[in-house]
Amino acid sequence: MAQLIFMAVLIVGGWMLYKRFIKDAEKLTARRKQQEKERQTGAVGTLEKDPVTGEYRVKKEEE
């Protein structure tokens with residue numbers, strides 16, 4: 001019975017690591033595409049509108 005529980009924990013842990021890896025890879029791919037797009041257009045950064053003040057600011061990368 002202990003072996004079954006150990007295998008279940010091992011499988012669930014592996015699955016969680018796999019999902020996190022995929023999530024991080026997708027985030028990295030999206031960041032690279034955005035950087036390539038900025039490089040092609042010559043932009044310094046991406047602007048986003050502040051909903052409170054209505055001003056545009058350079059978007060900060062969140063890691």
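The side chains of R57 and D50 meet in a salt bridge, with N and O 3.2 Å apart. The term covers a side-chain nitrogen of Lys or Arg within 4 Å of a carboxyl oxygen of Asp or Glu. This is a predicted model, in which local features need pLDDT of at least 70 and side-chain atom pairs count only at pLDDT 80 or more, while totals for chains, interfaces and linings use all residues. Residues are numbered from 1 along each chain as its sequence is written, and side-chain values use heavy atoms, with hydrogens and water left out.

The classes are buried under 20% relative accessible area, exposed over 50%, and partly exposed in between, with a 1.4 Å probe and protein chains only.

The count of salt bridges comes to 3. Another of them links E36 and R39, with the closest N and O atoms 2.6 Å apart. E36 is partly exposed, with a relative accessible area of 32%. R39 is exposed, at 58%. Side chains of opposite charge can pair when their charged atoms come close.

Now follow α1 itself. Helices (H or I, at least four residues) and strands (E, at least two) are DSSP runs, numbered from the N terminus. Helix α1 covers residues 2-41. It has 40 residues and reaches 59 Å from its first C-alpha to its last. That is close to the 58 Å expected at 1.5 Å a residue, the expected span being 1.5 Å times one less than the number of residues. Just after α1, G42 takes a positive phi of about 80°.

Aromatic rings come next. The count is 1 aromatic pair. The rings of W15 and Y18 have their centres 5.6 Å apart and their planes at 35°, so the pair is tilted. Rings of Phe, Tyr and Trp (its six-membered ring) pair if their centres lie within 6.5 Å; planes under 30 degrees apart count as stacked, over 60 as edge-to-face and the rest as tilted. W15 and Y18 are 3 residues apart in α1, about one helical turn. W15 is exposed, at 52% relative accessibility. Y18 is partly exposed, at 46%.

Further along, L28 also lies in α1. Its relative accessibility is 39%, partly exposed. The C-alpha atoms of L28 and E48 are separated by 20 Å, and the two residues are 20 apart along the chain.

Last, the largest pocket. On a 1 Å grid over the protein atoms alone, a cavity is a set of points where a 1.4 Å probe fits but cannot get out, and a pocket is an open set with protein on both sides within 12 Å along at least five of seven lines; lining residues have an atom within 4 Å of a point. The volume is about 380 Å³. Which residues lie nearest the centre? They are R31, Q34, K59, K60 and E61, out of 14 lining residues. Helix α1 gives the largest share of the lining, 6 residues. The lining divides into 3 nonpolar, 4 polar and 7 charged residues.

Terms used. Grid points are joined across faces, edges and corners, and a volume is the space filled by probe spheres set on the points. Ala, Val, Leu, Ile, Met, Phe, Trp, Tyr, Cys and Pro count as nonpolar, Asp, Glu, Lys and Arg as charged, and the others, Gly among them, as polar.
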